[in-house]
Structures are given as structure tokens and as C-alpha cells.
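Colleague: Please take one part of this model and go through it closely. I would like the helix packing, with the cut-offs spelled out.

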Amino acid sequence: MQFRRERRSGSPRRDHALLTRVFSAKGMAGLEDIFELSVPERIQEQLRRIPPDHLEYGHSTGVAALSARIACKLAEMQRDNPSLFKGKDAEELMLLSADSGAWAYAMGRIHDIGKVSTEEMRELFLNNAGNWEDREDKEQLIRAKEKHAALSAKELYHSGLPPQIIDGVLFHHYPKGYPHGFDEIEHPPLGARILAVADSLHAMWTRQVGKAGGYIKRRSLREQMDDLLSKNGAHGYDPRVTEALLKLVREENNLFMRRVSRSRSLTSGIKHLPIRPGREPRDLP
Ligand SMILES: [Fe+2]
Ligand SMILES: [Fe+2]
């Protein structure tokens, strides 16, 4: 009873289930296999320094899956409205969305590789000494955070990866104003605009997942989405990218509601419970 009431008003349990699906590569057959085939072994070796149970590993795979989904959704939107992206953006979208978003997925997997590219960075980022705001090395960590995007791109130079992927990684924190020296970048690459949204939502989500794998309610999915949308605009997120994300979350929400309706019909003995119609983004919890 409690869960049902919570679910209607947007519960942490439901937000968690929805976001787990949004950040999962399940059903996106072969993306990890393509990644292993297309990204040089040297880069993959760096990534393997992150233990699979570490938050940074989940961040890499989660941002990768969502970036691939966003790229494919944007390509779908582009088919409906061919003037949505033009010129360089349209070409980049073709690259990122090809083969179920394989390059967008690879870009997400490696976007934070600078966090583990040196001994010093590994010590800072793979250290699980609790909340970073309480850490003694907080200042050092802040400086490392500011330079990690540039370090990531440096790792990728001369790797043979498409330049659009490397530029996407270099500028994925453009809304925060780094790498420094590029603060006023007028037109960040499309890859960076996709990464910025996927990265931001994943960071907001994991901040509210408890250490034991449970969840604590700090901000609802609705609040997180509002936060992302409020940053649309000149120096914020690309509204077309956030729209693609909203569409994805809405689709997952509809699937979720159908599953709940089906399981309710089984437990109550009602065979054909009507499926709740899809809800608009503004109705999301
Ligand atoms: Fe990053
Ligand atoms: Fe990241």
C-alpha cells in the first residue's frame, strides 16, 4: 500500500528503477563488443584499472549507454525534422548514431579516462574515502576534476579514434567552464553536448544512491530533469539533447507503467487491466 502511494507521487524506488533502465546497455546488443574491437588496447587497459564494483566503472558504462541512446533518439528526431541539425552537427550525428550509437557508446566509456591516466589521478579518483566534500585532499581533488577532461583527451590523441570523439571528450564539461582557456567556446561539438547531459544526469543519480546499493531520496527524477532543463540555453545544455533525454525517460516510464499494470492484473486476478496511457514529461515524478 505504501509503495503504491509512493509510486503515484514519484517514489525514489520508481525513479531508481527507471534510471537503472535508462543507464543500462541491456537490449543494445553488441555495443561493448564493438567498443572492444574499435578502441585501441592501450586505452582499454587504462580503463581496466577501474575495479568493476567502483562508482567510476558504473559511471563509465552508464554514461556510455545513455549517450548511445541519446544519439539514436536524436537521429530519429532528425529523420522527422531534417533541419534539426545541419552541416557539421548533422555529419557528427551520423557518426555518433551509426550502428546503434556505437561511437557514442565508446565516447561515453572513455570520457573520464583522464581520471585514471596517472598514479596521482588514480589515487584521487579511485580513493573511496567517503564524501569528497569531507576529504582532506578536497582542494587537490577539485583541481584534478578541473583538468581531467583535458587529460582524457590527451590520452586519446594519436589513438586513431575519430577526432569528433576526442573533441567530444575534451569539451564534455563545457557547461562548467573547463578545460580552462576554452571557457568561451561558442559551439561545443555535438558529442560534448550529448556527454554533458548524460554525465550530469548520471552524477545527480549516483549522488543519491546509498552506499549499500539502496537509495535515499534527496531529489526526485522530476527535480533532476527540471535542473537539466533550466540550464538549456546559450552556455548550458543543448535543448535538442535534453528533449531527446525527456523522450527516452518518457518511453521508459511508459514501459514501466505497462509492466506494473501487468503484474497488478496477475495478482488481482483481473486479466485485462487497461494499460495506463503514456504521460507527458511535465507529469513525470
Ligand atoms: Fe568528466
Ligand atoms: Fe563523467
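Modeller: Start with the terms. Helices (H or I, at least four residues) and strands (E, at least two) are DSSP runs, numbered from the N terminus. Axes are lines fitted to C-alpha atoms, for helices over the stretch in contact, and angles run from 0 to 180 degrees between N-to-C directions.

This is a predicted model: local features need pLDDT of at least 70, side-chain atom pairs count only at pLDDT 80 or more, and totals for chains, interfaces and linings use all residues. Residues are numbered from 1 along each chain as its sequence is written, while chains are lettered from A and ligands numbered from 1 in the order in which they are written.

Now the part itself, the packing around α9. Helix α8 (residues 138-156) and helix α9 (residues 163-170) have axes that come within 8 Å. The two axes cross at roughly 160 degrees. That makes α8 roughly antiparallel to α9. The classes are these: angles under 35 degrees are roughly parallel, over 145 roughly antiparallel, 65 to 115 roughly perpendicular, and the rest oblique.

On the α8 side, Ala149, Ala150, Ser152, Ala153 and Leu156 meet Ile166, Val169 and Leu170 of α9. A contact here means that two C-beta atoms, placed from the backbone, lie within 7 Å. The residues of this α8 and α9 contact divide into seven nonpolar, one polar and no charged. Ala, Val, Leu, Ile, Met, Phe, Trp, Tyr, Cys and Pro count as nonpolar, Asp, Glu, Lys and Arg as charged, and the others, Gly among them, as polar.

The loop between α8 and α9 holds His158. His158 has a positive phi of about 65 degrees although it is not a glycine. Most residues other than glycine have a negative phi. His158 is exposed, because 10 other C-beta atoms lie within 10 Å. The cut-offs: buried needs 20 or more other C-beta atoms within 10 Å of the residue's own, exposed 12 or fewer, and partly exposed falls in between, with C-beta atoms placed from the backbone.

Helix α6 (residues 87-110) also packs on α9, at an angle of about 50 degrees and with the axes 10 Å apart. α6 and α9 are therefore oblique to each other. From α6 come Glu92, Leu95, Trp103, Ala106, Met107 and Ile110; from α9 come Gln164, Ile165, Gly168 and Val169. This contact of α6 with α9 splits into seven nonpolar, two polar and one charged.

Ser100 sits in α6. Its phi is near 55 degrees, a positive value in a residue other than glycine. Ser100 counts as partly exposed, because it has 18 C-beta neighbours inside 10 Å.

The peptide bond from Tyr178 to Pro179 is cis, with omega near 15 degrees.

Last, the core. A nonpolar core is a set of buried Ala, Val, Leu, Ile, Met, Phe, Trp, Tyr and Cys residues joined through C-beta atoms within 7 Å. The largest one has 60 residues, and Ala106 and Val169 are among those that touch the most other members. Helix α5 (residues 55-80) gives the most to this core, with ten residues. Ile194 is another of the most-touching members. Among the residues Ile194 touches are Ser67, Ile70 and Ala71, not counting residues up to four places away in sequence.
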